[in-house]
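Subject: Handover of a structure, with notes

Dear colleague,

Please find below the structure that I am passing on to you.

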Amino acid sequence: MTLSSLLHLKVEPGKGLIPGSAYYRSVSRAVEISPTLFIPGERVKTLALGKLVLSLDGESQRLIGLRAYTPSNRWKVEGTEPVPEPDALGEVVFTHDFQDQELRFYNLYPRYEFHAPDGSLRIRLRGSHDLVIRVGDSLLLGMDRSGVLTDFWLEKLRFTD
């Protein structure tokens with residue numbers, strides 16, 4: 001299992017967006033996209049990249065939410081860039097074979113960059129992006145030419161207790 005195989009994506013253009021706003025909850029020191037309505041009994045797969053946890057639909061492996069545990073005082077704020085314009089809109093599906101397991105873990109240390117003028121938070125995973133896909137009301141992701149996830153951008157981040 002390599003990081004590239006875990007982060008390999010397939011884009012489904014024009015499909016529905018992940019609903020919800022982006023929040024930073026100071027009590028739990030967690031950044032999250034408000035959880036999608038989970039139906040009890042439905043299967044969810046989890047891709048844990050260090051303290052960044054991605055929730056995937058159990059059948060299709062489509063991204064349905066994320067949560068990252070990081071104190072805001074560790075975010076880079078100087079010299080950060082605004083959110084790029086998306087190249088496409090749609091769902092993303094992770095192609096990694098979970099082999100009937102519901103959890104995969106890779107010890108990764110994402111970097112966090114807060115752009116105060118527009119209230120966006122960039123989560124950098126690896127490399128640089130070639131394409132930006134809008135996958136949620138408040139969420140974009142970057143991927144390289146080979147289809148590997150590189151970044152997330154959470155827009156209009158709200159701060160709560």
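The notes that follow take up the sheet, the core, the aromatic residues and some individual positions.

The model is predicted, so local features need pLDDT of at least 70 and side-chain atom pairs count only at pLDDT 80 or more, while totals for chains, interfaces and linings use all residues. Residues are numbered from 1 along each chain as its sequence is written, and side-chain values use heavy atoms, with hydrogens and water left out.

The sheet

Helices (H or I, at least four residues) and strands (E, at least two) are DSSP runs numbered from the N terminus, and two strands pair if DSSP finds at least two bridges between them. On these terms there is an open sheet of 7 strands with mixed pairing, in the order β1-β7-β11-β12-β13-β10-β9. Its edge strands, each pairing on one side only, are β1 (9-13) and β9 (111-115). From one strand to the next the twist averages 35 degrees, where axes are lines fitted to C-alpha atoms and angles run from 0 to 180 degrees between N-to-C directions.

Beginning at β1, this strand runs antiparallel to β7 (residues 88-94), to which 5 bridges join it. P13 has G90 of β7 as its bridge partner. β7 in turn pairs with β11 in the parallel sense over 2 bridges, and L89 has R134 of β11 as its bridge partner. Between β11 and β12 (residues 139-143) the pairing is antiparallel, over 5 bridges; here V132 stands opposite G142 of β12. These two strands, β11 and β12, form a hairpin with 2 residues between them.

Burial is defined by relative accessible area: buried is under 20%, exposed is over 50%, and partly exposed lies in between (1.4 Å probe, protein chains only). In β11 (residues 131-136), 5 of the 6 residues are buried, so this strand is largely enclosed by the rest of the structure.

The nonpolar core

A nonpolar core is a set of buried Ala, Val, Leu, Ile, Met, Phe, Trp, Tyr and Cys residues joined through side-chain atoms within 4.5 Å. The largest one has 37 residues, of which L52, L54, L63 and F152 touch the most other members. Contact means heavy atoms within 4.5 Å. Leaving aside neighbours within four places in sequence, the contacts of L63 include I18, V92, F94, V135, L141 and F152. In soluble globular proteins, nonpolar side chains tend to be buried together.

Aromatic residues

Rings of Phe, Tyr and Trp (its six-membered ring) pair if their centres lie within 6.5 Å; planes under 30 degrees apart count as stacked, over 60 as edge-to-face and the rest as tilted. The count by this rule is 5 aromatic pairs. One of them is the tilted pair of W75 and F159, with 6.2 Å centre to centre and 45 degrees between the planes. Because W75 lies in the loop between β6 (63-69) and β7 and F159 in β14 (residues 158-160), the pair ties together parts that are 84 residues apart in sequence. W75 is buried at 8% relative accessible area, whereas F159 is partly exposed at 48%. Both residues belong to one aromatic cluster, formed by Y24, W75, F114 and F159.

A charge sits over a ring if NZ of Lys or CZ of Arg is within 6 Å of the ring centre and within 35 degrees of the ring normal. R25 lies over the face of Y23, at 4.8 Å from the ring centre.

Individual positions

Most residues other than glycine have a negative phi. Q61, in the loop between β5 (52-57) and β6, has a positive phi near 65 degrees and is buried at 9% relative accessibility. D100, in the loop between β7 and β8 (103-106), has a positive phi near 60 degrees and is exposed, with a relative accessible area of 77%.

K156 lies in the loop between β13 (149-154) and β14 and is exposed at 65%. Not counting residues up to four places away in sequence, K156 touches A22, D118 and G119. From K156 to Q61 the separation is 95 residues in sequence and 26 Å in space, C-alpha to C-alpha.

L3, in helix α1 (residues 3-6), is buried at 13% relative accessibility. With residues up to four places away in sequence again not counted, L3 touches L49, Y106, L108 and R126.

With kind regards
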